[in-house]
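This report goes through selected local features of one model.

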Amino acid sequence: MNFIPCINFQPRLTYLSFMELDRCLELLYAGQLLPEATLRALCFKLKEKLVKESNVVHISTPVTVVGDLHGQFHDLLEIFEIGGAVPNTNYLFLGDYVDRGLYSVETISLLIVLKLRYPNRVHLLRGNHESRQITQSYGFYSECLNKYGGASGVWQCFTDLFDYLVLCCIIDNELFCVHGGLSPNVQTIDQIRIIDRFREIPHDGAMADLVWSDPEDSAGDANSPSSTSTTTHFQVSPRGAGYTFGRSVVEKFLQLNGMSRIYRAHQLCNEGYQVYFGGLVTTVWSAPNYCYRCGNKASILELYDKDHSYFNVFEEAPENKLLNNAATAPNGTFLRDYFDETVGPVDVFSDEYQVASASKRHVEYFL
Amino acid sequence: MDNKRVPRHGISAIYVDQAREAFAQTVRARDPRSPAATMNKPQVAVGHDIATIPRPNRHRCKNPNNPACPHCSAVIIPAPKATLPLEDTPSISIEDWTISTRKKPILNSKELDEWETILGGLTLPEMIFGNSFVRIENEKKGWCLEFNALDALKAVKVEDSGIRVSYAHKWIKSKKEQQRTSELDDNSLEIGQHYDWTYTTNYKGSLASDNPPFTRDDSIELPLDKLTRPDPILFYDDMILFEDELADNGISVVNVKVRVMNERALILSRFFLRVDGVLFRVYDTRVYVEFDENRVVREYKEHENDYNAVLTKQNSGHGRDPKAILRDSNWVAQQLPLVKRECEFLQL
């Protein structure tokens, strides 16, 4: 791989200057990968910072909340265009930075450097994909091998770092933010504070539920009061593990902890956000055209103060269209080519374009 | 970038159609086997190409904004997305047969609510391409077969599938333990709502009720010799009807592919299920149409096996990333034993 050997500090070095971090940012914004030694140092340094943080981080508005990204690096850059660049805008990311998309490494690298460079402006929560087991099945592991070679320890380095990410965030003492949702093992926020989070996400228990569970807005609420007693509590999924949580669980949790709303991510929604239980729970989804084929919108939630907010809805970054277009993306092109000024608008009516796109379209003699 | 090209105030559809037609004419006028076009199509042997060259005008292209086909300069491999606000349903007609496809984004929340009512009791999969379809019809005989997500989901059972994720037993056990030590309050550990969360569907396509029925005959085989011939593909599409990642316990997906050659068409609708640590399922429906004989053959196959039985078969060559191959439904299908096969035909 073509790394730019520009930063030669050693992993054990405990001091990273702003200048070095800015150089990393420059490379990452240009779509390049960082050298492995640099990544090791960055992960090491960030672990050192995160280990001091509580499981529950307190921040205040204004802040922009970002949901699942799933390696859609161009859309992350689009988010900085739409929502404002770091450090001019404060960001809270709700997790699921990797897997599925083609640029998980670039995405998580950029977020790590931003967190180190502007620790009070960027906050990263842990999602269910920030895990060793899940990333092996859903693309991040393969991507690390492809981009850094089979002998590299990059994936171990990233996944070790994931163990240090915090679980929840509370904004202005009343907005509760988490990747998945609530857990029957968590009645009070203090019960989250005592979780030992420095580990792989387990299958079971409070930590698993926080990154895994989903709200279940039963449509039957209004018309059959008898059903509410069963459908507004926690329910076991028919898969045989994991929970869905209903309205009464949410109301009880909010009331007990003096919170007013829950913001979470974790579930795809076509409109970019989804409101449950009359606004008590809101899903924020930030991966437009998820997996490059769902055609969904995405949003970021701009919180101005605890009562005023705005869902900034957006569609996929234009670079993604070029990525998908075989005619303009010759094999083996590096990401930075898409940022190159010389690549002008494509003339879709040109002969070259038509021939190239017809011949490169995928046709399969399936049986 | 493309958006900037769309004029602000819009053009009426008739001019757009004219523009498309004009564009199509220039495209057609081009040399069909220009060096640039054939160079990139190595799978079409030159000798073969001449032998099976389609008779002119046998197929009619109905989607003029698509690029030229290297075989006959008139095709039609569908664009991934319509660029104008007109309905973009790419299609091809050969004799009395028309094959059309449509690809749309996933359902929005209003549509999802409607579907929840229709499908009552089923928690819907994560991604539903509910406005997409693959359709094959014979206008003269009034026969039509369609593959769509709604009918595929109607075939999913709203009852306990009996399948649990690999760690379910451990999970429930630890919850019961917690209940005994009263860490948990009175939460019921009953499963709230029973439905087949693997979305297993034996969907074979949707036929209108007044269509003539198929005749069952399991002795029929698909003509592999005809289907393996590299006849030029005049029309091709590949789409997902619905997909769910089973809360990251695997994948459940229905995928439909269609290819149309000069004399025949083949549709493959595949349900692929992987529950990590538990099992694999591949349910295939193949629809084969011979245009000149007006004959349709539909074959349905169920394959299934344990997860570990499949995992042991991939011991060579994937040392570093053993799970990559388990995402490939073609490879998995070859490893699974056939559990059930049905075949039926229809002579129109």
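The buried residues of helix α3 of chain A are A:Phe73, A:His74, A:Asp75, A:Leu76, A:Leu77, A:Glu78, A:Ile79 and A:Gly83. A residue is buried if 20 or more other C-beta atoms lie within 10 Å of its own, exposed if 12 or fewer, and partly exposed in between, with C-beta atoms placed from the backbone. Because 8 of the 11 residues of α3(A) are buried, the helix is largely enclosed by the rest of the structure. Helices (H or I, at least four residues) and strands (E, at least two) are DSSP runs, numbered from the N terminus.

The model is predicted: local features need pLDDT of at least 70, side-chain atom pairs count only at pLDDT 80 or more, and totals for chains, interfaces and linings use all residues. Residues are numbered from 1 along each chain as its sequence is written, while chains are lettered from A and ligands numbered from 1 in the order in which they are written.

**Backbone geometry**

Most residues other than glycine have a negative phi, and most peptide bonds are trans.

| Residue | Phi | 
|---|---|
| A:His70 | about 50 degrees |
| A:Phe277 | near 50 degrees |
| A:Cys291 | about 60 degrees |
| A:Gly84 | about 105 degrees |

A:His70 is in the loop between β2 and α3 of chain A and is buried, with 27 other C-beta atoms within 10 Å. A:Cys291 belongs to the loop between β12 (281-284) and β13 (298-305) of chain A; with 18 C-beta neighbours inside 10 Å, A:Cys291 counts as partly exposed.

Two prolines follow cis peptide bonds. One such bond joins A:Thr61 and A:Pro62, with omega about -5 degrees, and A:Pro62 lies in the loop between β1 (56-59) and β2 (63-66) of chain A. The other runs from A:Val86 to A:Pro87, with omega near 10 degrees; A:Pro87 sits in the loop between α3 (73-83) and β3 (91-93) of chain A.

**Helix packing**

In chain A, helix α2 (residues 36-50) and helix α7 (residues 154-162) pack at an angle of about 15 degrees, with their axes 9 Å apart. Axes are lines fitted to C-alpha atoms, for helices over the stretch in contact, and angles run from 0 to 180 degrees between N-to-C directions. The angle makes α2(A) roughly parallel to α7(A) (under 35 degrees is roughly parallel, over 145 roughly antiparallel, 65 to 115 roughly perpendicular and the rest oblique). On the α2(A) side, A:Glu36, A:Leu39, A:Arg40, A:Cys43, A:Leu46 and A:Lys47 meet residues of α7(A), namely A:Val154, A:Cys157, A:Phe158, A:Asp160 and A:Leu161. Two residues are in contact if their C-beta atoms, placed from the backbone, lie within 7 Å. By class, this contact has 7 nonpolar, no polar and 4 charged residues. Ala, Val, Leu, Ile, Met, Phe, Trp, Tyr, Cys and Pro count as nonpolar, Asp, Glu, Lys and Arg as charged, and the others, Gly among them, as polar.

**Strands**

Strand β11 (residues 273-276) of chain A runs antiparallel to β12(A), and 4 bridges join them; two strands pair if DSSP finds at least two bridges between them. A:Tyr273 has A:Val284 in β12(A) as its bridge partner. The hairpin of β11(A) and β12(A) has 4 residues between the strands.

In chain B, B:Glu342 is part of strand β14 (residues 338-347). With 16 C-beta neighbours inside 10 Å, B:Glu342 counts as partly exposed. Not counting residues up to four places away in sequence, B:Glu342 touches B:Asp218 and B:Tyr300.
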